[in-house]
Amino acid sequence: MSALLTVLTVPDVSGAAVHVWQRNFDVFRRIWRTESLGIGLEPWIVIVAMGFGLGRFVELEGGESYIHFLAPGLMAMFPMFAAIFECGWGAFMRLEMHRTYEAVLTTPASVDDLVTGEILWGTSRATFNGTYILLVLLILGPWTSAIDSWWAVLILPVAVLQGFLFSSLAISFAALARAMSHFGYLFNVIVMPMFWLSGGFFPLENLPGWAQRVAWFMPLVHSVELNRAVLAGDLHWGLLIDVAWLLVGCWVFYRIALALMRRRLIV
Amino acid sequence: MDRFAVEAVQLTKHFGDTVAVDGISFSVREGECFGLLGPNGAGKSTTIRMLTCSSPVTSGQLVVSGHDVTKNPRLVKSRIGVVPQDENLDPDLPTRQNLEVYARYFGLSREVIRQRVDEQLEFFELEGKAKEKVDTLSGGMRRRLLIARALIHEPNLLVLDEPTVGLDPQARHLVWKQLRRLRERGVTQLLTTHYMDEAAQLCDRIVVLHHGKILTEGSPRSLVRDHAGERVLELRLPASERELLLGEVGDALDIEPYGDVAYVFGSEAALAPLADRVGDDQRALLRPASLEDVFLRLTGRGLVE
């Protein structure tokens with residue numbers, strides 16, 4: 001009950017949250033060369049394999065190319081993975097293996113500063129990732145024609161929203177996990193079902209009605225929906241429901257992350 | 001009048017039904033080195049965790065550098081430097097950046113940080129390792145880096161939880177040397193340890209904790225005088241021989257059997273003839289009483305119970 005009530009209080013966040021973000025940025029600046037090869041290569045491979053390879057066997061209504069259908073999904077999935085890795089595995093390393101969090105908490109930084117800084121970092125990585133894939137699709141534009149409209153730049157705020165949400169979700173999980181192997185649950189029970197069933201690979205309308213209703217509760221469904229609309233330049237009022245869903249999701253999972261991490265670290 | 005870096009009044013911590021710290025009161029004067037001693041599970045680390053605001057106080061009051069830990073954790077944490085028991089340097093960053101990134105959390109300017117980091121690297125003899133990753137440093141260097149990190153914001157109080165645990169003798173002595181130099185500079189220190197020689201080397205005043213309560217308190221010298229006396233005779237003799245030796249005088253002496261060794265406490269005059277009679281310091285060793293004797297006398301019985 002008291003855990004529920006803390007959700008109603010104002011988070012105890014100060015400028016130290018920025019320093020938590022900065023620490024991660026400093027580390028990233030040291031390792032980006034080695035990391036960027038993997039991150040940089042992946043979208044190209046996926047687009048070639050799925051778009052040009054698999055895509056030849058897929059026929060869509062109205063003669064839409066498969067890569068055109070797939071692009072909005074990719075732009076949601078890659079940022080999701082970036083956020084989940086950073087604030088799931090990465091956070092757990094810093095929490096449990098390296099005890100970095102314990103060190104940060106001996107400074108004036110609060111648990112809320114720590115969690116907020118980490119989530120902002122996960123959000124940054126997700127947004128960075130989204131930007132990169134947007135660039136890749138622009139470069140491949142002549143072959144994929146995945147981007148139909150200038151509204152496509154709005155996938156960046158979508159990446160921010162879902163980056164924040166998935167970072168919060170992942171760090172909540174890190175606060176509960178007792179061993180690295182527990183992340184199997186996060187991956188197999190939450191992330192992978194969303195990955196396959198979010199409407200990125202095939203239209204959700206192909207699913208039975210009950211499955212569509214279940215899918216509505218998955219955050220990735222709403223970011224894929226938003227991406228699909230902005231890439232096509234097809235903006236309509238119904239999208240506000242998706243935006244609202246993500247905003248509420250961000251706040252709820254953020255508060256859960258704060259509460260769980262306080263319980264984990266202050267005993 | 002003394003000013004206090006730490007004032008604890010009836011400080012208590014419960015974990016569920018377990019009482020980890022049971023209403024202890026103590027104060028640390030500014031400029032002194034204060035030791036919390038006790039066997040494992042005595043409540044030392046829990047006290048430290050409350051003091052560093054990472055464990056809520058169940059009841060009682062704890063004021064650190066003039067601020068209540070419950071009401072003002074950010075202020076308390078900005079005024080203390082913490083050296084943790086389990087090393088938590090950032091393995092993703094090199095030595096120098098470990099200090100810089102940590103200093104940033106205290107809101108120091110870039111210029112001040114650069115200057116302080118230089119000073120600390122020099123004081124702790126780590127300049128040559130500034131660019132090395134921390135996992136390439138030796139255990140002693142990592143411990144010195146931890147202490148340097150804790151001093152980066154020039155705290156009022158340095159809190160050290162088992163500062164030399166796991167170090168080899170050379171590395172321990174180097175850490176002790178630097179802690180004594182800090183003491184001379186007027187840095188108040190509060191440390192926990194279960195090494196009695198460490199407490200004797202470093203501390204002005206000590207409290208001995210046991211089962212979450214304070215057993216005794218005083219300077220190392222006065223504790224030795226009050227609880228162990230002047231000399232100790234360590235007897236490693238079979239029980240029959242021991243009784244033969246102590247037979248006539250035994251009742252007049254203060255004897256503490258502990259495992260296979262019997263400790264006899266008393267004056268030089270009383271104990272020297274006994275040692276001479278055995279004539280073998282492998283079997284009967286006469287030596288000055290130490291803090292270790294105090295510790296065993298006060299907490300040893302508890303461990304047997």
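# Exercises on a predicted two-chain model

The model is predicted, and local features need pLDDT of at least 70, side-chain atom pairs count only at pLDDT 80 or more, while totals for chains, interfaces and linings use all residues. Residues are numbered from 1 along each chain as its sequence is written, and chains are lettered from A and ligands numbered from 1 in the order in which they are written.

## Exercise 1: the fold of chain A

Describe the secondary structure of chain A and its overall dimensions.

Solution. Begin with the elements, where helices (H or I, at least four residues) and strands (E, at least two) are DSSP runs numbered from the N terminus: chain A has 11 helices and 0 strands. Its radius of gyration, taken over C-alpha atoms, is 19 Å, close to the 18 Å that the globule rule (2.2 Å times the number of residues to the power 0.38) gives for 267 residues, so chain A is as compact as a globular protein of that length. Next, the C-alpha trace of chain A spans about 60 × 45 × 35 Å along its principal axes. Finally, consider contacts, defined by C-beta atoms, placed from the backbone, that lie within 7 Å: among those in chain A between residues at least 6 apart in sequence, 83% join residues at least 24 apart.

## Exercise 2: helix H4 of chain B

Determine which residues of H4(B) are buried and what covers them.

Solution. Helix H4 of chain B comprises residues 110-123, and its 14 residues reach 20 Å from the first C-alpha to the last, close to the 20 Å expected at 1.5 Å a residue, the expected span being 1.5 Å times one less than the number of residues. The buried residues of H4(B) are Arg116(B), Val117(B), Gln120(B) and Leu121(B). Seen down the axis, they fall within an arc of 135° (the arc of the directions from the helix axis to the C-beta atoms), so they line one face of H4(B). An α-helix has 3.6 residues a turn, so residues three or four places apart point the same way. What covers the buried residues of H4(B) includes helix H3 (95-104) and H5 of chain B, whereas the face turned away from the buried side carries the exposed residues Glu111(B), Gln115(B) and Glu122(B). H4(B) is followed by Glu125(B), whose phi is positive, near 55°.

## Exercise 3: the side of chain B that touches chain A

Identify which elements of chain B give two or more residues to the side that touches chain A.

Solution. First, 21 residues of chain B are in contact with 20 residues of chain A. The elements giving two or more residues to that side of chain B are helix H2 (73-79) and H3, and the largest share, 4 residues, comes from H3(B).

Definitions and conventions: Buried ≥ 20, exposed ≤ 12 C-beta atoms within 10 Å, placed from the backbone. Contact = placed C-beta atoms within 7 Å.
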